[in-house]
Amino acid sequence: MGRQRSGKYPYIDMKIAECFEILQLNRKENGSWAGSEPVGTPEIYLDSHSPVDGNLMGSLSKTSRADYDRIVEKAEAAFRIWRLTPAPKRGEFVRQLGEELRNKKQALGTLVSYEMGKSLQEGLGEVQEMIDICDFATGLSRQLYGLTMHSERPDHRMYEQWHPLGITGVISAFNFPVAVWSWNSALAWVCGNSVIWKPSEKTPLCGIAVQKIVAALLKKNDLPEGLSCLVNGDAEVGRWLAEDTRIPLISATGSTRMGRSVGATVAGRFGKSILELGGNNAIIITPSANLKQVLPAIVFGAVGTAGQRCTSTRRLIIHESVYEQVKSILAQAYRQIRIGDPLDQNNHMGPLVDAQAVLNYTHALQEIERQGGKFLVPGGILEGEAYKTGFYVKPCIVEANPQMDVVREETFAPILYLLSYRELEEAIRIQNEVPQGLSSAIMTESMREAERFLAADGSDCGIANVNIGTSGAEIGGAFGGEKETGGGRESGSDSWKAYMRRQTTTISYSNKLTLAQGIKFDF
Ligand code: NAD
């Protein structure tokens, strides 16, 4: 891409090399960490190539089973100390992490963009989410409230308290290589847990960079190293976490296929899990929708992160009276989308993450043809020097019907399906009749339509928006979805409760024992 190369990092250009310096990344990294200490001897090296230009960014070792076990022991030891540290003190550590992330936002956001392929704006936005959740968790550290209840027995007091749970295992997906970790870790830490993170094998350097930031902070605060641990590898390492009875909570983000396996494994050992899985998100466009407002929401939702967000807009359910109009403004808007190097802020869309993602995309295009979909804007792989990784694809629009298998599946790529409806009830039924249940939206100026969409028989998704798109969410709300999206909730509201165990306590200050439900037991 015609960039100037750096001496120390011969494979990447100067701008990226500067970020590597700030983040203290080396060309070879140990992939197993407990706090500031790399664990074990690096043996098998994995390479991380950028989807942007194909350059080798660095290599790191896969975590061995022996190193994994040592890390779990360190995380257990750290937990025993941390659970007795007052929660506001735990919050102070998370506050400092937020400050560090502010200082390193540009560098980390650039790394996210270069290793994952999302636009720089979105990479920076992801780091901003990390900062926001640190702020949120800091306040939360003084608000881990339990309820008090009135006892049915005289001279008794009843209340509940929340205790730390233990190690939180975090398995994360490639498309949010750092933010998802922070949603979990910031909360887990203020709740008194230690954390072991297995990032996606597609974005491992993002994991190493974040670990180094946290590790330096742990050292500065003289905190136990096992509070923040990192293990690297593919699904096999994820399975070690899922099977491990020493880890009471697994928070897993990724495909429904992964969640089906992790969910069953964790449930089989009576562990707890937070599952954040695939989506198949729709926007309903009603006759009264303000189309000027709708257009950017649709285009950002469908092509942002090259359609690789769990909340990406995949289906538009359009009222038949505005169908042709929406079709023509979308076709026009898609002609203006600039695809290329995501670090160049003139581009709207970068590459898909890897060759497998491109294969999934082309397979979906073939299925669309086979199942009778009609391309309004055709797809395809982009060729030429600017697209030399072969991972750059065209965003496409397809006129389809809701019953087509390909429409009911999540293809993690910029493919947008247009569906039409007559009555709102029909639109809501179409919106709900896919297996996934993450994000949904309605565009309307009618209060009645909006409320119908939000009613108990309206959208069945974890997120239901009015007059904004499906993509992106604020950290203040609980994030997650229903059905095959897994049912988990992360981030804001009272999601913190999943990271703690609830204890109900009844204290008697009476001189005689009174049993509940009026039971008498005299002897
Ligand atoms: P993926 O399922 O291939 O991998 C996700 C993570 O799970 C990786 O770290 C991987 O190594 C690990 N893994 C895979 N199989 C495993 C197994 N059997 N046991 C334990 N660990 C296993 O997903 P991906 O391609 O990285 O990410 C894309 C998917 O993630 C999409 O379906 C997207 O919708 C979903 N996603 C969901 C959310 C959400 O909050 N709902 C957020 C981001 C991504």
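Trainee: Gladly starting with a surface pair: is arginine 452 buried, partly exposed or exposed?

Mentor: Keep in mind that this is a predicted model. Arginine 452 has a relative accessible area of 35%. Buried requires a value under 20% and exposed one over 50%, so arginine 452 is partly exposed.

Trainee: Which residue forms a salt bridge with arginine 452?

Mentor: The closest N and O atoms of the pair are 3.1 Å apart, and a salt bridge needs such atoms within 4 Å.

Trainee: Let's look at another pair. Are glutamate 126 and lysine 118 buried or exposed?

Mentor: These two residues form a salt bridge, with their closest N and O atoms 2.6 Å apart. As for their accessibility, both glutamate 126 and lysine 118 are buried.

Trainee: Now the ligand. Where does it lie relative to domain 1 and domain 2?

Mentor: Domain 1 covers 14-46 + 58-277 + 489-501, and domain 2 covers 281-478. Both give residues to the shell around the ligand, so the ligand lies between them.

Trainee: How many residues surround the ligand, and how many of the shell are charged?

Mentor: In total, 28 residues surround the ligand, and the closest are Ser172, Glu201, Ser255, Leu277 and Glu410. Helix 8 (235-243) and helix 9 (256-268) each supply at least two residues of that shell. By class, the shell has 12 nonpolar and 10 polar residues, and the charged ones number six.

Trainee: What distance separates a polar side-chain atom of glutamate 201 from an oxygen atom of the ligand?

Mentor: Glutamate 201 also meets lysine 198 in a salt bridge (3.5 Å, N to O). Lysine 198 counts as buried at 3% relative accessibility, whereas glutamate 201 is partly exposed at 39%. From glutamate 201 to the ligand oxygen, the distance is 2.7 Å.

Trainee: Which backbone oxygen lies 3.2 Å from a polar atom of the side chain of asparagine 30?

Mentor: Asparagine 30 sits in the loop between strand 1 (28-29) and strand 2 (33-34). Its relative accessibility is 11%, so asparagine 30 counts as buried. The backbone oxygen at that distance belongs to glycine 40.

Trainee: One about backbone angles: what is phi of threonine 305 near?

Mentor: Threonine 305 is in the loop between helix 10 (291-303) and strand 14 (313-319). With 5% relative accessibility, threonine 305 counts as buried. Its phi is positive in a residue other than glycine, near 50°.

Trainee: And what is phi of serine 491?

Mentor: Serine 491 belongs to strand 23 (residues 490-491) and counts as buried, at 2% relative accessibility. Although serine 491 is not a glycine, its phi is positive, at about 80°.

Terms used: Residues numbered from 1 in each chain as written. Predicted model: local features only at pLDDT ≥ 70, side-chain atom pairs only at ≥ 80, totals over all residues. Heavy atoms only, no water. Near = heavy atom within 4 Å. Polar contact = N/O pair within 3.5 Å; in protein donor to acceptor, adjacent residues only side chain to side chain. Helix = DSSP H or I, 4+ residues; strand = E, 2+ residues; numbered from the N terminus. Nonpolar A, V, L, I, M, F, W, Y, C, P; charged D, E, K, R; others polar. Domains from an automatic or database assignment. Salt bridge = Lys/Arg side-chain N within 4 Å of Asp/Glu carboxyl O. Buried < 20%, exposed > 50% of the residue type's maximum accessible area, 1.4 Å probe, protein only.
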